[in-house]
Structure formats: C-alpha cells, structure tokens
Amino acid sequence: MVSLSQIVATAAASMCAFVVGISLAYTSPALPSMTNENVTDFEVSKQQASWVGGIMPLAGILGAISGAPLIMNVGRKLTIILTSAPFIVSWLLIASASSVIIVLMGRMLTGFAVGVASVSLPVYIGEVIHPLIRGTLGVMLTLMCNFGVVICYVIGSYTTWSQLAFICAAFCLPFVIMMIFVPESPRWHLTNGRRSEGMKALTWLRRKDADIKDELEEMSVKQDDVAEGTNICKEMIQRKNLKPVFIALALMFFQQISGINAVMFYTVMIFNMSGSTINCYLSTIIVGAVNFLASLVATMVIDLTGRKILLYISLLIMTLTLIAMSVFFYCKSIDVNTSSYSWLPLLSFVLYALGFSLGLGPIPWLMLGEVLPSRIRGPAASLVVSFSWLCTFIVTKTFQDMIDLMGIHGAFALFCCGCIVGLFFVIFVVPETKNKTLEEIEAELTGGLAKEES
C-alpha cells in the first residue's frame with residue numbers, strides 16, 4: 001500500500017504545485033512595490049494593477065485547454081516537465097520588465113503554465129497513488145501550493161517585485177530534476193497499449209514485493225475500454241458522464257465563489273483597507289502560514305474522516321468568518337469606531353484561510369482526479385480546470401469593481417452566500433470517495449455497478 005516510491009512521485013509533482021503557489025501569491029506582495037513610483041521606473045495605474053492580478057487566471061484557461069491533448073498524447077509526466085519552460089521564461093520576463101506591458105506578458109505566460117499544471121498534476125497523482133492513501137498524498141499538491149504561497153509572502157515582504165520574480169524563476173528548477181526520475185502513469189501506458197511499460201511503472205510505484213496482478217488487471221480492463229473510444233466529445237455529453245463532470249464543475253465553482261483567490265491576490269490591500277494596527281505584510285504572512293498548516297492537518301486526516309466531513313467543516317468556518325468580515329467592513333463604511341476591534345480582520349482572515357485549506361481548497365482538486373470517468377478524464381479535466389480559471393478570472397478581475405459598487409462588505413457578503421449554497425450542494429450531491437478505487441468511483445457515478453448487478 002504505502003511505499004517510498006509513491007511518496008517520491010508525489011513529492012516531485014508537488015514541487016510543481018509549489019511553483020503554482022508562488023505564481024498565485026505573487027501579486028499580493030509585489031503590487032505595492034510595483035505601484036510605488038520610488039521603486040518602479042514605469043507607471044502602473046490601479047486598473048493596470050488589477051490586470052496584473054487578473055490576467056493570469058485568464059491565461060490559465062488557455063493553458064487548461066492545451067493541457068488535455070498534452071496529457072493524452074505526450075503523457076502526464078512529460079506534460080508536467082514541459083511546464084517548466086513557460087514558468088522560467090515568464091518569471092525572467094517579469095523580473096527584467098521595463099514596462100507594464102512586459103509584466104502582463106510575463107503574467108500571461110505564467111498563467112498558461114499554471115493552467116497546464118492544474119490539469120496534469122491532479123490527474124497524475126490520482127492515477128499513480130494507491131486508493132488507501134490517495135487522499136493523504138493527493139492533498140500534498142495543495143499543501144505544497146500553500147507552502148509556495150507562504151514562501152512568496154515572506155520573501156516578498158523583504159524584496160521588490162523584480163527581485164521576487166528572479167527568485168521565483170530559480171524555484172522552477174527542482175521539480176524538473178525530480179520529475180525526470182519518477183515513472184509515467186501506469187494507466188496512461190495501458191491506454192496507449194504499452195502493457196509492459198505500465199507493469200514496470202506500477203511495480204516501481206508499489207513495493208517491490210507487492211502483488212500487483214489484480215490491480216494491473218483491473219486497470220487493464222478499464223483502459224482497454226478507454227482505448228476503444230473514438231469520439232471524446234460525444235462521450236462527454238453522454239448522460240452517464242454528466243453527473244461526475246457536473247460534480248467536478250460545481251466543486252470548482254463553489255471553491256472560487258468563496259472568494260479565496262480575490263482574498264489571496266489582494267491580501268495586503270485588504271489589510272490596508274481594514275485600518276488594522278498590525279503590519280499588513282506580517283498579517284499576510286500569518287494568513288499564508290495558517291493556510292499551509294491547515295493543509296497539513298487535512299493531509300493527515302482526510303483518509304480517516306473522508307472528503308465530505310472536511311467539506312462540511314470547511315464551508316461552515318468560511319461562512320461564519322465571511323459574515324464577521326462583512327459586518328466589520330460595513331461598520332467601518334458607516335463610520336462606526338472599529339479601533340477596539342482592529343484585531344478582528346486578522347483573526348477572521350486566519351480562520352477563513354484555515355477553513356478553506358481544511359476542505360474547500362484541496363478536495364475539489366483531489367476529486368478532480370477521482371470522479372471523472374477514465375474514458376474522458378483528460379478532456380473533462382481540461383474542461384473543469386478551464387472553468388475554474390474562468391471563475392478565478394471573473395472573481396479576481398471584478399473584485400475591485402465589486403468593492404466600488406457594493407463596498408468590500410458587500411463583496412464578502414456575496415462570497416458568504418456562495419459558501420452557504422455550496423454547503424447544501426456537498427450535503428445532497430457530492431459522493432464520498434474515501435478508500436475507493438478509481439474504477440469503483442466511476443461505476444458508482446455512471447451506473448456501472450447497477451449494470452453489472454442486473
């Protein structure tokens with residue numbers, strides 16, 4: 001079941017997730033110095049700054065669309081390795097930028113790489129890890145992503161936006177080196193008719209003395225069926241596949257409508273608006289650290305508690321903290337003296353980040369690699385991730401507009417409503433996938449068990 005090889009494979013992929021994390025967090029510590037005329041040689045307006053934050057998820061849509069043919073044709077492993085090129089080039093572009101246009105070009109390239117990684121990473125991890133530990137090791141992607149956020153916040157508080165970009169470029173090298181030494185997904189080999197390579201990959205991933213015969217045979221039956229499929233688009237809209245695709249799409253929607261990326265992209269700005277007496281950069285680092293630690297807790301308990309329990313806890317905590325933040329900023333907007341409660345924004349943000357990282361952060365990405373049927377896993381993952389980045393773009397790009405229109409308290413109230421609806425969706429629609437093989441999950445969601453029993 002548990003083997004060092006699986007941990008190594010997860011660690012290699014998770015280092016790419018670390019780079020995704022620093023890419024997501026970059027604008028929060030970078031924008032204050034980028035918009036400071038004493039630091040930056042070119043002018044960056046408020047609207048241009050919002051595009052620096054918003055253009056990355058927009059480019060992520062293109063990356064996610066490109067990810068499907070890549071993971072299907074060149075493999076999950078090689079696709080992850082290939083993301084290193086746009087990552088490195090994008091950071092060097094940003095670091096050496098002489099105008100905001102070049103910064104935007106760099107952020108677009110970063111977004112493209114993040115989009116491709118967002119498709120390939122959960123699919124790779126979902127396919128190489130044993131079902132009994134897939135939850136624990138699968139959440140490692142989010143754990144390392146959040147660790148990247150913390151590191152970016154910490155380094156960004158001591159550097160300018162240009163210096164931070166150079167450092168981010170260097171962080172891209174470890175995952176490339178590590179991924180070279182881990183195997184391709186056994187399921188991808190089997191789908192492409194490479195049974196011997198699939199057996200070697202599965203043997204490497206499990207203990208050398210492990211009996212992989214039954215697991216390989218179960219994979220082979222399903223992947224042989226996958227290989228026979230020719231019309232992927234027709235497959236995706238078949239009635240039996242609509243439910244798992246809908247669940248994956250909905251989880252991504254509720255993840256983004258919770259406002260997490262708006263909060264993470266503009267954390268420093270929000271703390272400045274709160275008038276808190278605590279240093280805004282220190283507050284941001286604290287929030288990022290709690291985010292990481294909560295992900296660590298989720299990693300340890302997810303295969304014990306299951307996915308749904310953590311989603312319940314996560315959404316309840318986020319709902320309550322968003323109510324608190326909305327009330328605080330509303331009171332501030334009507335000139336109520338909030339100086340006695342200057343600690344409330346930090347506490348609320350900390351609990352909000354904790355709640356998100358316990359469930360709504362990692363589990364939609366984990367379940368992306370679990371609930372999608374094998375026949376359509378590549379293109380369906382691409383669709384879901386593209387939708388996720390579209391939602392991210394809409395939320396982050398319109399966050400400033402929401403603040404202008406309804407106040408920051410109104411924006412937090414809207415995010416709160418999203419969490420409440422999401423809670424009911426999880427209760428009544430989302431299945432529990434704990435300790436189930438991918439084949440068992442697929443049969444349950446597509447009606448396969450019923451067909452076999454009849």
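Guide: Let's sort out the residue classes before we go in: Ala, Val, Leu, Ile, Met, Phe, Trp, Tyr, Cys and Pro count as nonpolar, Asp, Glu, Lys and Arg as charged, and the others, Gly among them, as polar. This is a predicted model, where local features need pLDDT of at least 70 and side-chain atom pairs pLDDT 80 or more, while totals for chains, interfaces and linings use all residues. Residues are numbered from 1 along each chain as its sequence is written, and side-chain values use heavy atoms, leaving out hydrogens and water.

A cavity here is a set of points, on a 1 Å grid over the protein atoms alone, where a 1.4 Å probe fits but cannot get out; lining residues have an atom within 4 Å of a point. Points are joined across faces, edges and corners, and the volume is the space filled by probe spheres set on them.

Searching the whole structure turns up two cavities of 30 Å³ or more. Helix α8 gives the largest share, six residues (helices are DSSP runs of H or I, at least four residues, numbered from the N terminus).

The second largest cavity has about 80 Å³ of space. Among its lining residues are Arg-134, Thr-142, Trp-365 and Glu-370. Here α21 (362-371) supplies the largest share, five residues. This lining has six nonpolar, four polar and two charged residues.

Technical notes
1 Å grid on protein atoms, 1.4 Å probe; cavity = no way out; pocket = protein on both sides within 12 Å on 5 of 7 lines; lining within 4 Å. Helix = DSSP H or I, 4+ residues; strand = E, 2+ residues; numbered from the N terminus.
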